[in-house]
Amino acid sequence: VAYDPAGLDRQELSRLAVRRSPIAHFNVSFLSSPDAFIIPITEPGEIRLPDGSQFRSATELRDTFHLSPLARADLFVPCGGRPAAIHKANVKQLFDDGVPRFKYIVEGANLFFTDDARAVMEAAGVHHIKDASANKGGVTSSSMEVFAALAMKPSDHERMMCVSEAGRAPKFYEDYVEEILATVRANAKDEFRAIWEYNKEFGTPKTQ
């Protein structure tokens, strides 16, 4: 779990992303204050955070940190976790004195919220985009990749879709990637527009 009340350093996060390194490799010199912390999942024993809250293990901290009062932001994008991690019985833990700690929620993970928890967040004024709408890009891209594999002869697929030993991608592959990205973006814009306009015109919840 990585936390910084001033926001995690973007340049350091970009470095980790380019290197495909886990958050445990975050350079702690970029943390803004003693209230910030990086706790790897391998950290042994009980965990005590700077605010005094305690967890039985680093695993428990990882699995429940989204419910901590420290977890607050304009935008919450859960991209992993157990199904029904937020449900009717615990959704109020995302509130402080009746005010939600997030203004926008875009579900990158499938089934992270239950439907009744989504309804609570949206009724509180949170702009909430559910999993089935938010993460279709992966389905689109993988479907188009499989389609290319099915449509081509093996020799053509290797020549046109596979990166060479020298690390160079064929031009067809690069062009196809751009076509996939354009399709994902167009579909996302169309779906968002439909969700937003139906909500404004008919009051249909965005999560339905």
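User: What makes a set of grid points a pocket?
Analyst: On a 1 Å grid over the protein atoms alone, a pocket is an open set of points with protein on both sides within 12 Å along at least five of seven lines, and its lining residues have an atom within 4 Å of a point. This is a predicted model, in which local features need pLDDT of at least 70, while totals for linings use all residues. Residues are numbered from 1 along each chain as its sequence is written.

User: Which residues line the largest pocket, and which lie nearest its centre?
Analyst: The lining has 29 residues, and Ala-2, Phe-65, His-66, Ala-71 and Phe-76 lie nearest the centre. Two or more lining residues come from each of β1 (2-3), α2 (58-64) and β5 (73-76). The largest share, three residues, is that of β5.

User: What is the volume of the largest pocket?
Analyst: The volume is about 920 Å³, taken as the space filled by probe spheres set on the points.

User: Which element gives the largest share of the lining of the second largest pocket?
Analyst: That element is α7, with six residues. This pocket has a volume of about 220 Å³.

User: Why is Arg-20 called exposed?
Analyst: Exposed means over 50% relative accessible area (1.4 Å probe, protein chains only). Arg-20 has 78% relative accessibility, so Arg-20 counts as exposed.

User: What is the phi of Arg-20?
Analyst: Arg-20 has a positive phi of about 55° and is not a glycine. Most residues other than glycine have a negative phi. Leu-111, also not a glycine, has a positive phi near 65°.

Definitions and conventions
Predicted model: local features only at pLDDT ≥ 70, side-chain atom pairs only at ≥ 80, totals over all residues. Heavy atoms only, no water. Buried < 20%, exposed > 50% of the residue type's maximum accessible area, 1.4 Å probe, protein only. 1 Å grid on protein atoms, 1.4 Å probe; cavity = no way out; pocket = protein on both sides within 12 Å on 5 of 7 lines; lining within 4 Å. Helix = DSSP H or I, 4+ residues; strand = E, 2+ residues; numbered from the N terminus.
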